[in-house]
Amino acid sequence: MSDDLTIILTAGLLGTACGLLGPFLVLRRQVLLSDAVAHAVLPGIVLVYILFGSRASLPVILGAGLFAVICVIGIEQIRATGLVKADAATGLVFPTLFALGVIGVTTFASGVHLDLDSTIYGDIAFTPFRTWELFGTEMARSLPLLAAVTVGNMAMLVLLWKELKASTFDPVFSKVNGISPELVSRILLIAVAVTAVTAFESVGAILVVTMLIVPAATAHLLTVRLLPLVAVSVIVGWISAVGGYGSAVALDASIAGAMGLVATICFSLAFLLSPRYGIITRAVRHQRKISPVLSPGLQPVSRAGDASGSEDVSG
Amino acid sequence: MDRLIELIPLSYTDSVVLIGAVILGVAAGVLGAFAVLRQRSLVGDALSHAALPGVCVAFIATGAKDAVTLAVGAAVVGVIAAGLILVIERTGRIRPDAAIGVVLTGFFSLGIVMLTFLGNFNNSSQAGLDTYLFGQAAGLLVSDLTVMGLLCAASLGLVAVAFRPLKVALFDLSFAGSVGLPVRLLELAMTAMLVIAIVIGVRTVGAILMVAMLIVPTVTARQLTSRLSTLLVVAGIAGAVVGSAGSLISTGAGIPTGPVIVLVGFVVAMSAILLAPGRGVVWKAHRVTSERRRALNEGVLIDLETALQSGPPPTVGQLASLSGRPPAGLRRALRNLDRAGVLRRDGDRIALSATGTAAVQTLLDRRELWSAWLENGWRIELPDAGEPDPRDLRASLGDDLTDELLAFSRGGPGE
């Protein structure tokens, strides 16, 4: 498999895995939790390195997963005191965990290959070189990992579609019908954490956060129903993957950054031109609506219409 | 500035770091309050990530790497990012959190692309731009301190001058608009102040840790006070304390300053959340348990009185079956009542002592007063709109009103 294809496939799988979850984060107003989780896992990675001297996938994913859960629970606990709002609770917890990670890196692991750049900026460019022997063929280990996560997320969506839908749009209704919104929310957050942590290890934090947030926000501007929202979000993820890789090669710049940029361009286009919610389309529609009132030439037409309507009623 | 540094009994670089951390703490504390109280804490996250493309643009435009040029670049791009967040969330479809997320990732991606793109041309000269992300307190210069100090003083002055309109806009934007205040301008001013705080701090603690610096002082101060003016002062002080303590610990232990400051800040904020008088978690838990214990004791006392009225002094078992309370709770209450000296033990039978009889009497009086209030409270004219304290109606109503209330209920149902 060529390197180009590996990178594009990795990013596309990431876009699928994240695109399945992102819409629910957007609808539940928990978007920034993904950013928090992506930063909060740093101490987990460092801890695994200090304890086992390893950067192998599985221990790192476990260590990072532990801290992702600590982060989510910590935010929830602080918010539950009622003394601190959810946004401030998020902003208290994840920088603290990140700070622990930074201290760990600089004190115990300096000089080894665990620099902040590669964990934060992500090195999706290196995915083709980190390989596993699978079924007799050598393949980039990011592919089976992300494929597994994608399948897992897909299974969760299929199995819990009704529950997710009910608890996202109307928590009270879902509770009355015996679906615990808290439980569904916890399952969703665990899925987000697992996705973020797995992907983080192979492509870097910023790309995960981008893929969780931006395609879903873009799709939110283009769709009204839930199923199309998820589908469009996945499609935007793939567009960012392919377009981002192309432009990164053309510009000779960071692949993760370029993919994020393409996703953001998609969002900007949707924001301006979405048929229903775009600000330009809305301005044009508004202009059309008020123009008959403003221009006298069109006024008789609408009046005539009104008059004929009333005649019909009376006749 | 040099004289100030000489006053501090530390090495030159450590003093510079200490002063920088204090300025950062004060600025982030006071200016961050305007974001945290509007529930926009994480705007700071987006804006400090937007500093990365900001410094890149500044570097591309001027080729200079001094603090002022880069700070101006970060500030300009920060204001643009803040404006975009406002525009996106104002259109309604995209909620504030998603707007923050999109702007954050978009600007950060742009920054990374610019950084790597720059790296292709001249590998060495752009080096150091990314210290903006992780912060490097040790790299602070005296000239940086002067810039930071001036910015901090200017923005604190702005807060002092525009305190009243800012306060109105902070708590009730539509009211501010209705009394003719320039709402857009005030919103922009609050965001611009956030940008200034970030520009001051991001060099010292880095983009991600800066988020915590904006939040910690306000969260701490909010637990201690409910007035905005006091809150701003307390937040400023808290920021300065966190900054100085963090930088002293870090220079003492030889670990990076930014993370230590954030850890100290987290500890301070959590202690405030747990221990704040009247509001903290521990305080509230204590109040709830003591209220519960009081309610249980009083309930058991009334049960005992009822049993005594209808027959001979009951045993513990009889009292339990009579009151229908769980036996463990009943025994606990009886132990408490024994300790208070209101019970008289007669073998295994329980009766009331002299103090006990008096205590039951006040309790019954209070209950009668409470039902009188529920039934006839609407007839008496309260001096103010506040509800009286249900635990002690007589004290909060005053003797005259209490007697009036009792007269109503003893006079039978009203006409």
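Here is a walk through one predicted model, stop by stop, with something to select at each.

Before you click, note that residues count from 1 along each chain as its sequence is written, while chains are lettered from A and ligands numbered from 1 in the order in which they are written. Because this is a prediction, local features need pLDDT of at least 70 and side-chain atom pairs count only at pLDDT 80 or more, though totals for chains, interfaces and linings use all residues; side-chain values use heavy atoms, with hydrogens and water left out.

**Stop 1: a hairpin in chain B**

Select residues 343-346 and 349-352 of chain B. These are strands β1 and β2, running antiparallel and joined by four bridges. Strands here are DSSP runs of E with at least two residues, helices are runs of H or I with at least four, and both are numbered from the N terminus. Two strands pair if DSSP finds at least two bridges between them.

Now pick B:Asp346; its bridge partner in β2(B) is B:Arg349. Two residues sit between the strands of this hairpin, and B:Gly347 takes a positive phi near 65°. While you have the strands up, remember that in a regular strand the side chains alternate between the two faces of the sheet.

**Stop 2: salt bridges**

Next, jump to B:Arg90 and B:Glu187, whose side chains meet in a salt bridge at 2.9 Å, N to O. This pair links distant parts of the chain, 97 residues apart: B:Arg90 is in helix α4 (residues 67-90) of chain B and B:Glu187 in helix α10 (residues 183-205) of chain B. B:Glu187 counts as buried at 9%, whereas B:Arg90 is partly exposed at 42%.

Then try B:Asp399 with B:Arg394, a salt bridge at 3.4 Å, N to O. For a network of salt bridges, select B:Glu291, B:Arg294, B:Glu298 and B:Arg366 together.

**Stop 3: a positive patch**

Show the surface and color B:Arg293, B:Arg331, B:Arg332, B:Arg335 and B:Arg339, which form a positive patch. Which helix gives the most? Helix α16 (residues 327-340) of chain B does, with four residues. One residue in α16 is B:Arg335, partly exposed with a relative accessible area of 48%.

Patches take residues with over 30% relative accessible area and no salt bridge, joining like charges within 9 Å and nonpolar side chains (Val, Leu, Ile, Met, Phe, Trp, Tyr) within 5 Å. Lys and Arg count as positive and Asp and Glu as negative, leaving out His and the chain ends.

**Stop 4: over to chain A**

Finally, select A:Ile265, A:Leu269, A:Leu272, A:Leu273, A:Ile279, A:Ile280 and A:Val284. They form a nonpolar surface patch with about 570 Å² of accessible area together. Accessible areas come from the Shrake-Rupley method with a 1.4 Å probe. Helices α12 (255-273) and α13 (279-294) of chain A each give two or more residues, and α12(A) has the largest share, four. End on A:Ile280, in α13 of chain A, partly exposed at 42%.

Conventions. Salt bridge = Lys/Arg side-chain N within 4 Å of Asp/Glu carboxyl O. Charge placed at Lys NZ, Arg CZ, Asp CG, Glu CD. Buried < 20%, exposed > 50% of the residue type's maximum accessible area, 1.4 Å probe, protein only.
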